[in-house]
Every structure is written in structure tokens, then in C-alpha cells.
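Okay, thanks for coming, everyone.

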Amino acid sequence: MDGRIEIRVNGKVVRVPADVSLAAALLDAGTAAFRASIHGAPRGPLCGMGVCHECRVTINGVPHRRSCLEPVVAGMEVVTGE
């Protein structure tokens, strides 16, 4: 076992480190923009502890989840604003 698990990000299967936050896993997988501002600018994690809400994504169909507070789980479905 290589310490990585599979999740689906925007419909694509990616292998990410296990036992990290979803935000860290997404960054490791090369995701830079987690959502778009109301003006369309890309937004991503800023504080890393749930205060800024810039890392919001849809997880398993539930929108506006702060990815920095969610542990990564094998099989989770993530939709970003990319």
C-alpha cells in the first residue's frame, strides 16, 4: 500500500494522500482553484483552518463544504468551481 486513496474530482479519479484534509489532497493533486468569486476570480485555500471559507467545494452532493476541515475519504465525490 502506498498511502494513497482514490477520490473523484470534477468527474475524474485522482489518487491523493490518505489521512490529510481534503484541501491538502486537492492541492497535492494540482487543483489550484476550489471555487470562483462572485466576479469569477478563482479562489483557493487561504487560512487552512476554516475561518476564511475560500476553500469551499461540493462534497458528495453537499455544496459549500470547507475542504480544509474535511478529512479525505476514499471514494468521495468532489466538485470544485474550476
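So, which residues touch the most other members in the largest nonpolar core? In this predicted model, they are I7, L22, V72 and V78, out of 17 residues in that core. By nonpolar core I mean a set of buried Ala, Val, Leu, Ile, Met, Phe, Trp, Tyr and Cys residues joined through side-chain atoms within 4.5 Å. Buried is under 20% relative accessible area, exposed is over 50%, and partly exposed is in between, with a 1.4 Å probe and protein chains only.

Where does that core come from? At least two residues each are supplied by β1 (4–9), β2 (12–17), α1 (22–28) and β5 (56–59). The biggest giver is α1, with four residues. Helices here are DSSP runs of H or I, at least four residues, and strands are runs of E, at least two, numbered from the N terminus.

Leaving out residues up to four places away in sequence, L22 touches I7, V57, I59, S67, E70, P71, V72, M76 and V78. Touching, or contact, means heavy atoms within 4.5 Å. And as a general point, nonpolar side chains tend to be buried together in soluble globular proteins.

Quick housekeeping. Numbering starts from 1 along each chain as its sequence is written, and side-chain values use heavy atoms, with hydrogens and water left out. Since the model is predicted, local features need pLDDT of at least 70 and side-chain atom pairs count only at pLDDT 80 or more, while totals for chains, interfaces and linings use all residues.

Zooming out, the protein has one helix and seven strands, and along the sequence they run β-β-α-β-β-β-β-β. The radius of gyration is 12 Å, close to the 12 Å from the globule rule for 82 residues, so the protein is as compact as a globular protein of that length. That's over C-alpha atoms, and the rule is 2.2 Å times the number of residues to the power 0.38. Of those 82 residues, 34% are buried.

Most residues other than glycine have a negative phi. N10 has a positive one, near 50 degrees, and sits in the loop between β1 and β2. N10 is partly exposed, at 35% relative accessible area. Then there's H64, with phi near 65 degrees, also positive. H64 is in strand β6 (residues 62–66), and it counts as exposed at 57% relative accessibility.
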